[in-house]
Amino acid sequence: MTDEEKTEAGKALARRLFTGAPRPANPGPPPPAAFNDYTNRHLFGDVWQQDYLTLEERELITCTTLVALYRENEQRVHFTGAKNAGIPREKIEGMITHVAHYAGWPCAATAFRVLGEVWPKEG
């Protein structure tokens, strides 16, 4: 794939995953355009396009990492991405419970709160 094709594939994947994801209330200054281009071309246009993991596996791994690192803003985006990728909410809940034993209860408690904000339980 050319760089242009990777950029377009990355943008398409980001739209697919993150449509409906909340934006931070106070996002601060935007990153430089070159960083956004690199994110689209390299991260979502190359790394996320490889065949060795499915989209669902990548999203679950990313969510797990964000829970363990206590990255609330990014959890909001990627929990939405997990939902859009077709991962059942119960799988995210199971992952958070598992991570609690390795990353700590506060990380898990916060992740459950964030999950409830962006992906409320039905019924």
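User: How do you know that the span of α3 agrees with its 14 residues?

Analyst: This is a predicted model, so every value here is computed from it. At 1.5 Å a residue, the 14 residues of α3 should span 20 Å. The end C-alpha atoms of α3 are 20 Å apart, so the span agrees.

User: Which residues of α3 are buried, and what makes them line one face of the helix?

Analyst: The buried residues of α3 are L55, R58, E59, T62, C63, L66 and V67. Seen down the axis of α3, they fall within an arc of 165 degrees, so they line one face.

User: What do the buried residues of α3 pack against?

Analyst: They pack against α1, α4, α5 and α6. Just after α3, Y70 takes a positive phi of about 60 degrees.

User: What makes R58 count as sitting over the ring of Y52?

Analyst: The cut-off for distance is 6 Å from the ring centre, and the charge must also be within 35 degrees of the ring normal. The charged end of R58 is 4.8 Å from the centre of the Y52 ring and sits over that ring.

User: Now α1. How does its reach compare with the expected value?

Analyst: α1 has 16 residues. From first C-alpha to last, α1 reaches 22 Å, close to the 22 Å expected at 1.5 Å a residue.

User: Which residues of α1 are buried, and what puts them on the same side?

Analyst: K6, T7, G10, L13, A14, L17 and F18 are buried in α1. They cover an arc of only 130 degrees around the axis, which puts them on the same side of α1.

User: What covers that side of α1, and what does the face turned away carry?

Analyst: The cover over the buried residues of α1 includes α2, α3 and α4. The face turned away from the buried side carries E4 and R15, both exposed. Just after α1, G20 takes a positive phi of about 90 degrees.

User: Why is the pair of F18 and F44 called edge-to-face?

Analyst: Two aromatic pairs are counted in this model. Rings pair if their centres lie within 6.5 Å, and planes over 60 degrees apart count as edge-to-face. The ring centres of F18 and F44 are 5.6 Å apart and the planes are at 75 degrees, so the pair is edge-to-face.

User: Why does the F18 and F44 pair tie together parts that are apart in sequence?

Analyst: F18 lies in helix α1 and F44 in helix α2, so the pair ties together parts that are 26 residues apart in sequence.

User: What kind of aromatic pair do F44 and W48 form?

Analyst: A tilted one. The centres are 5.4 Å apart, with 45 degrees between the planes.

User: Why do F44 and W48 count as buried?

Analyst: Buried means under 20% relative accessible area. F44 is at 7%, so F44 counts as buried. W48 is at 9%, so W48 counts as buried too. F18 is also buried.

User: What makes P31 partly exposed?

Analyst: P31 has a relative accessible area of 38%, so P31 is partly exposed. The place of P31 is in the loop between α1 and α2. P31 and K121 are 90 residues apart in sequence and 34 Å apart in space, C-alpha to C-alpha.

User: How many residues are in the largest nonpolar core, and which elements give two or more residues to this core?

Analyst: The largest nonpolar core has 16 residues. Those with the most contacts inside it are V67, F79, I92, M95, I96 and L115. The elements that give two or more residues to this core are α3, α4, α5 and α6. Apart from it lies another core, of 10 residues, among them L13, A14, F18 and W48.

User: What is M95 in contact with beyond its neighbours within four places in sequence?

Analyst: M95 is in contact with L60, C63, T64, V67 and F79.

User: What makes the buried residues of α6 line one face of the helix?

Analyst: The buried residues are C107, A108, T110, A111, V114, L115 and V118. Seen down the axis of α6, they fall within an arc of 165 degrees, so they line one face. Their cover includes α3, α4 and α5. The face turned away carries the exposed residues W105 and P106.

Notes:
Residues numbered from 1 in each chain as written. Predicted model: local features only at pLDDT ≥ 70, side-chain atom pairs only at ≥ 80, totals over all residues. Heavy atoms only, no water. Buried < 20%, exposed > 50% of the residue type's maximum accessible area, 1.4 Å probe, protein only. Helix = DSSP H or I, 4+ residues; strand = E, 2+ residues; numbered from the N terminus. Arc of directions from axis to C-beta. Contact = heavy atoms within 4.5 Å. Core = buried A, V, L, I, M, F, W, Y, C linked by side-chain atoms within 4.5 Å. Phe/Tyr/Trp six-rings, centres within 6.5 Å; stacked < 30°, edge-to-face > 60°. Expected span 1.5 Å × (residues − 1).
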